[in-house]
Amino acid sequence: RRTALTNVLKDSLGGNCRTRLLALLWPEDRHLSETVSTLRFAARMMRVKTRPSRNFAADAGGAGSSEAVARLQAEVRSLRRELAMFDALAGRTGVRYGPLGV
């Protein structure tokens, strides 16, 4: 069912995490339809079964990790050069793009 609540919870309900759902109810007649709807939703969510699995990085510590780091460092250098070019075109001089804005 497409509801705002299920949309908010979509990553948690079927994912690799532990999720708690609190169904808050109001014991007044004027809130009966919302209370019943909340109870039905909670009952459906109790039936959701997940199978957690351990997350592994594809190249953690392997030979490919140093290549990936080198590739990402080259991309950062390229993006910094591009930013410097845009700054020069915009008339902003003296802007440096180093680690943490230094």
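User: Happy to dig in! Among contacts between residues at least 6 apart in sequence, what share joins residues at least 24 apart?

Analyst: Good place to start, and keep in mind that this is a predicted model. A contact here means heavy atoms within 4.5 Å. Among the contacts between residues at least 6 apart in sequence, those that join residues at least 24 apart make up 37%.

User: Which pattern do the secondary-structure elements follow along the sequence?

Analyst: The protein has three helices and zero strands. Read along the sequence, that gives the pattern α-α-α.

User: And what percentage of the residues is buried?

Analyst: Let's take the surface along the way: the accessible surface of the protein comes to about 9,400 Å², and 57% of that surface belongs to carbon and sulfur atoms. To count as buried, a residue needs a relative accessible area under 20%. Of the 102 residues in the protein, the buried ones make up 9%.

User: Is D87 buried or exposed?

Analyst: D87 is found in helix α3, which covers residues 63-90. Leaving aside neighbours within four places in sequence, D87 is in contact with R92, V95 and Y97. Its relative accessibility is 4%, and the cut-off for burial is under 20%, so D87 counts as buried.

User: How far apart are the closest N and O atoms in the salt bridge between R92 and D87?

Analyst: R92 is one of the contacts of D87. A salt bridge needs a side-chain nitrogen of Lys or Arg within 4 Å of a carboxyl oxygen of Asp or Glu. R92 and D87 form one, with their closest N and O atoms apart by 2.8 Å.

User: Nice. Which residue forms a salt bridge with R30?

Analyst: By this rule the protein has two salt bridges. In the one that R30 forms, the closest N and O atoms are 2.9 Å apart. R30 counts as exposed at 65% relative accessibility, and E28 counts as partly exposed at 33%. The partner of R30 is E28.

User: Where is W26 found?

Analyst: W26 has a relative accessible area of 48%, so W26 is partly exposed. Not counting residues up to four places away in sequence, W26 touches H31 and T35. As for its place, W26 is found in the loop between α1 (4-13) and α2.

User: Which residues does T35 touch, not counting those up to four places away in sequence?

Analyst: T35 has its place in helix α2. With a relative accessible area of 13%, T35 is buried. Beyond four places in sequence, T35 touches L25 and W26.

User: Let's turn to the second largest pocket. Which residues of its lining are the closest to its centre?

Analyst: About 170 Å³ of space lies in the second largest pocket. Eleven residues line this pocket. The ones closest to its centre are L5, E34, S37, T38 and F41.

Methods
Residues numbered from 1 in each chain as written. Predicted model: local features only at pLDDT ≥ 70, side-chain atom pairs only at ≥ 80, totals over all residues. Heavy atoms only, no water. 1 Å grid on protein atoms, 1.4 Å probe; cavity = no way out; pocket = protein on both sides within 12 Å on 5 of 7 lines; lining within 4 Å. Points joined across faces, edges and corners; volume = space filled by probe spheres on them. Buried < 20%, exposed > 50% of the residue type's maximum accessible area, 1.4 Å probe, protein only. Helix = DSSP H or I, 4+ residues; strand = E, 2+ residues; numbered from the N terminus. Areas by Shrake-Rupley, 256 points an atom, 1.4 Å probe, with all protein chains shown as cover.
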